[in-house]
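Keep the sequence and the 3D view side by side as you read.

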Amino acid sequence: MIADVLLGAVAFLHLIACPYTKVEESFNVQATHDILFHRQDLEKYDHHEFPGVVPRTFVGPLFISGLAAPFVALSQMIWENKFIAQYIVRGCLGLCVLYGFSAFRRAVSKKFGSDVGMMLVLLTATQFHFLFYITRPLPNVFALSLVLLALSSWLTGKHGWFILQSGFAIIVFRSELLLFLGLIVLMELGTRRLGVLELLRHGLPAGLVCLAVTVSVDSVFWQKPLWPEGTVWYYNIILNKSSNWGTEPFLWYFYSAIPRALAASTFLIPLGMWLDSRVAKTVAPALGFVLLYSILPHKELRFIIYVFPVLNVAAARFCATVYHNWRKSKRWAVAALIVIGHLLANCAATAVFMYVSHHNYPGGYALHMLHRTLPSHTDVYVHIDVASAQTGVSRFGQLNSNWRYDKTEDLTPGGPALMAYTHLLLETTDQSRLYTESHDTLVSVEGFSGIQKQFRSFPPISIKTEPRILVLAKKKGKSHGTA
């Protein structure tokens with residue numbers, strides 16, 4: 001219970017420090033908003049106007065919206081602030097992941113000892129990315145709660161539940177999990193802990209049920225027969241179009257993503273695997289998944305978030321061994337100091353990451369400042385440009401029902417269409433000079449721009465920011481044609 005509270009408290013701090021969302025989360029954010037506030041009126045849903053590159057499933061948003069609905073209704077009666085609903089929705093998602101993590105921790109404690117489970121919690125609490133992401137409505141995070149439950153079922157030998165939970169995660173949310181969870185199935189088949197007939201007996205009905213759920217739900221919301229994750233799999237794997245969004249070197253996950261996510265604990269993973277062969281066998285499918293998934297050129301840290309708890313088991317195994325032996329010799333005492341120092345290094349890295357992330361959502365803060373600057377009764381017709389929409393603006397942030405918010409894309413900079421708006425949320429570029437004569441700058445929102453080394457002072461780094469989003473108000477008397 002204490003472990004769950006600790007992790008929940010840290011995740012809550014991340015949520016409060018970074019309440020806004022980015023473009024990768026936009027579908028699920030808008031979907032939960034529309035389910036909560038538009039309900040059966042599907043024509044008002046955001047995905048009809050902005051469907052994204054590939055369709056995503058509504059199963060996750062529908063489930064989270066169901067959990068959040070009573071609390072959202074209560075908050076609306078008390079505060080009438082729609083953005084509070086975004087906190088609630090993200091909080092409910094985080095609780096789902098923490099529920100899965102709690103089951104995984106108990107399974108780890110049962111198999112490797114309670115001290116390993118305790119150290120797993122401590123390591124996770126000091127690292128940034130896992131607890132930062134668990135409240136972020138990404139498809140990977142919706143799948144994460146199911147993956148953690150599946151891993152706990154695997155560790156406790158409950159193959160039927162493992163197959164069902166894995167099938168739901170793969171078929172509904174993230175098809176690439178077939179690589180990770182499929183490797184576990186192959187391992188179980190190879191060691192004869194799982195038989196082929198048992199796999200088929202559980203797998204076939206589970207697959208059909210999961211497919212029926214996503215097709216029936218998503219065909220209603222998208223208003224056409226659809227299996228979203230099948231479409232995503234075809235786009236990413238068969239067409240390999242995900243590389244249009246950027247590519248990274250083959251080993252990027254190993255030398256960049258994992259060290260950033262696990263911080264100093266990364267160096268303890270090989271030691272834990274060396275100490276306990278059972279840990280090595282547990283970690284092997286996770287490393288195999290990362291290696292296989294590295295074939296795809298488009299890489300993001302969130303794509304492999306499922307392996308972070310598993311890799312932490314190895315680091316936790318080493319820390320638990322040190323905890324038991326630190327009084328026995330000077331060598332173990334030195335090891336204890338290394339463990340303590342690495343936890344402090346994790347906390348320092350987390351503080352830096354949190355500060356940087358806080359400044360990564362200028363669009364959300366810009367819209368917030370617009371609401372704070374202008375009275376609610378003011379006639380406002382605001383255009384939200386792409387940069388603002390990608391860095392924090394969501395429908396939850398559109399607080400005033402009397403105002404008009406518009407995200408129309410590809411409008412000519414300084415042209416008549418943009419001049420029709422009373423206010424603009426605009427990325428700070430050379431094009432913003434086009435509005436010097438026609439608009440006043442109400443707010444300039446800073447955003448993260450880089451980290452600068454400064455070894456002659458403490459701390460030895462400096463976080464740099466620069467203007468990212470401008471909030472402009474059209475001057476009175478300017479015609480629509482003025483540029």
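Contact here means heavy atoms within 4.5 Å. The model is predicted.

Leaving out residues up to four places away in sequence, I304 touches Y253, A257, I258, F289, V290 and Y293. I304 also belongs to the largest nonpolar core, which holds 114 residues. Within this core, F104, F180 and I304 touch the most other members. Helix 5, residues 83-112, supplies the largest share of the core, with 14 residues. There is also a second core, separate and made of 16 residues. Among its members are V380, V445, I469 and V471.

Next, look at a helix pair. Two packed helices are described by the angle between their axes and the distance between the axes. Helix 10 covers residues 177-190, and helix 15 covers residues 277-293. Their axes come within 8 Å and cross at roughly 135°. Angles from 65 to 115 degrees count as roughly perpendicular and those over 145 as roughly antiparallel. Helix 10 and helix 15 are therefore oblique to each other. The crossing of helix 10 past helix 15 is right-handed. Which residues meet where these helices pack? Helix 10 brings L179, F180, L183, I184 and M187. Helix 15 answers with K281, A284, P285, A286, G288, F289, L292 and Y293.

Strands of a sheet pair through backbone hydrogen bonds, either parallel or antiparallel. This sheet is open, has five strands in the order 2-1-3-5-4, and its pairing is mixed. Strand 2 and strand 4 (439-453) stand at the edges, each with a single partner strand, so one side of each lacks a neighbour in the sheet. From one strand to the next, the twist averages 20°.

Follow strand 1, residues 381-384, to its partners. Three bridges join strand 1 to strand 2, residues 404-406, and the two run parallel. Y381 stands opposite R404 in strand 2, and V382 stands opposite Y405 in strand 2. Strand 1 also pairs with strand 3, residues 423-427, over three bridges in the parallel sense. Here I384 stands opposite L425 in strand 3.

Helices cover the sheet too. Helix 17, residues 330-358, lies across strand 4 and strand 5 (461-474), and runs at about 15° to strand 5. Helix 18, residues 362-373, packs on the sheet and touches strand 1, strand 2, strand 3, strand 4 and strand 5. The direction of helix 18 makes about 150° with that of strand 4.

Most residues other than glycine have a negative phi, and most peptide bonds are trans. Q223 is not a glycine, yet has a positive phi of about 60°. Q223 sits in the loop between helix 11 (196-222) and helix 12 (228-238). A263 is not a glycine either, and has a positive phi of about 55°. A263 lies in the loop between helix 13 (252-262) and helix 14 (269-275). Are these residues buried or exposed, or partly exposed? Buried means under 20% relative accessible area, exposed over 50%, and partly exposed in between. Q223 has 45% relative accessibility, so Q223 counts as partly exposed. A263 has 16%, so A263 counts as buried.

Definitions and conventions:
Residues are numbered from 1 along each chain as its sequence is written. This is a predicted model: local features need pLDDT of at least 70, side-chain atom pairs count only at pLDDT 80 or more; totals for chains, interfaces and linings use all residues. Side-chain values use heavy atoms; hydrogens and water are left out. A nonpolar core is a set of buried Ala, Val, Leu, Ile, Met, Phe, Trp, Tyr and Cys residues joined through side-chain atoms within 4.5 Å. Buried means under 20% relative accessible area, exposed over 50%, partly exposed in between (1.4 Å probe, protein chains only). Helices (H or I, at least four residues) and strands (E, at least two) are DSSP runs, numbered from the N terminus. Two strands pair if DSSP finds at least two bridges between them. Axes are lines fitted to C-alpha atoms, for helices over the stretch in contact, and angles run from 0 to 180 degrees between N-to-C directions. Angles under 35 degrees count as roughly parallel, over 145 as roughly antiparallel, 65 to 115 as roughly perpendicular and the rest as oblique. A crossing is left-handed if the near helix is turned anticlockwise from the far one by less than a right angle, and right-handed if clockwise.
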